[in-house]
Amino acid sequence: MLTLRFIRPCLVSPPLYHSSFSFSPKQPIGFALRSRMGSYTTSSQSSPVLLFRQLFEKESSTYTYLLADFSHPDKPALLIDPVDKTVDRDLSLVRELGLKLIYAMNTHVHADHVTGTGLIKGKVPGVKSVISKASGSKADVFVEPGDKICFGNLFLEVRATPGHTMGCVTYVTGDGPDQPQPRMAFTGDALLIRGCGRTDFQGGSSQQLYKSVHSQIFTLPKETLLYPAHDYKGFTVTTVGEEMLYNPRLTKDEETFKGIMQNLNLPYPKMIDVAVPANMVCGLQDLGSKAS
C-alpha cells in the first residue's frame with residue numbers, strides 16, 4: 001500500500017504513473033456549464049476539456065461520478081464512489097467514450113453499499129484504488145488533506161471532512177484559470193442536498209461534521225457545485241450558496257445541530273455488516289486473505 005503526496009505541479013512517482021498524467025499549466029480556457037443533469041462538460045474553442053457524467057445506482061441511491069480530461073491524448077479518467085452492482089455499466093461507458101481509466105476512488109468507507117473499486121481493478125489492469133489514509137482501509141493510493149489527484153491537465157484537491165466517518169474526504173476540482181469553473185465538490189456523505197450524513201457509527205461525530213462542513217465546504221465560492229454520494233428525493237446537484245441558506249441542519253448553530261443529529265432515531269443500516277468489512281479491503285473481502 002502506498003501513500004502518495006500530490007502537490008502542484010502534481011509530480012508523481014514514475015513507477016506507478018505515466019508522465020503524461022502530470023499537471024502542466026496551460027493558457028486560460030473558457031468553460032461552459034451545459035447541463036446539471038449529468039453532462040457537465042467544459043470546453044475550449046477547439047475541444048472539450050472536462051468530461052463529466054453523473055451515474056446512479058437505485059438500490060442504495062448512490063451517485064457515481066465519472067470525470068476525464070477529454071482534450072488530453074490519453075483521455076485519462078477517474079471514477080468517484082463506484083458501486084459493485086454497476087461496475088459493468090460504468091466500464092462500458094468508459095470504453096464507449098474512449099477514456100483511459102486510471103483511478104477508482106472513494107470518499108469514505110461506505111456502509112450502505114459495496115464499493116466497485118476491487119472489481120474495477122480486476123477488470124481494468126493498471127487502475128489504482130484511492131481512499132483517505134485516515135479511513136484505515138486498503139487501497140493502492142492513500143490521500144491526505146492538501147493532496148492533488150491529477151488526471152491529464154486537470155486535478156482534484158483533497159479536503160478532509162470527517163464526521164460521518166473518521167476518514168471522509170471531499171474532492172474539489174482545481175482552482176485556476178485552466179480548471180473548470182464553477183468549481184465542483186464531491187462531498188460523499190458529509191454534505192447531502194438539504195441534509196448530511198448520519199454520525200452515529202464508524203467513529204462519527206456531529207461536532208466534527210459541523211466543523212468539517214463549515215471550514216472545508218462552506219468556505220468554497222458560493223457558486224461551487226456540490227455533488228453528494230446519495231440523494232433520496234430526486235435531486236442531482238446543489239451549490240455552496242444554496243446549502244448555506246437552506247440546509248435545515250447545517251444552517252443552525254453547532255449546539256442545535258448536535259441536538260438534531262442525536263435525535264434522528266435512524267434504523268440500523270441494513271448493509272453495514274456486509275459493506276463495511278468488504279469496503280475495508282477495497283470492496284472484495286477475499287483480498288484480505290490474499291494480502292495476509
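Residues are numbered from 1 along each chain as its sequence is written, and side-chain values use heavy atoms, with hydrogens and water left out. Because the model is predicted, local features need pLDDT of at least 70 and side-chain atom pairs count only at pLDDT 80 or more, while totals for chains, interfaces and linings use all residues.

Twelve salt bridges are counted, each being a side-chain nitrogen of Lys or Arg within 4 Å of a carboxyl oxygen of Asp or Glu. One of them joins Lys85 to Glu59, with the closest N and O atoms 2.7 Å apart. Lys85 sits in the loop between β4 and α1 (87–96) and Glu59 in the loop between β2 and β3, so this pair ties together parts that are 26 residues apart in sequence. Helices (H or I, at least four residues) and strands (E, at least two) are DSSP runs numbered from the N terminus. Lys85 is exposed at 52% relative accessibility; here buried means under 20% relative accessible area, exposed over 50%, and partly exposed in between (1.4 Å probe, protein chains only). Arg198 and Asp200 also form a salt bridge, their closest N and O atoms being 2.8 Å apart, and Arg198 is buried at 15%. Elsewhere, Glu157, Arg159, Asp175 and Arg183 are linked in a salt-bridge network.

Glu57, in strand β2 (residues 50–57), is buried and has no salt bridge; the nearest side chain of opposite charge, Lys85, is 5.3 Å away. The side chain of Glu57 does make a polar contact of 2.5 Å with that of Ser60. Such a contact is a pair of N or O atoms within 3.5 Å; within protein, one must be able to donate a hydrogen and the other to accept it, and residues adjacent in sequence count only if both atoms are side-chain atoms.

His72 lies in the loop between β3 (62–69) and β4 (76–80) and is buried at 8% relative accessibility. A polar atom of the His72 side chain lies 3.0 Å from the backbone nitrogen of Asp74.

Terms used. Lys, Arg positive; Asp, Glu negative; His and termini not counted.
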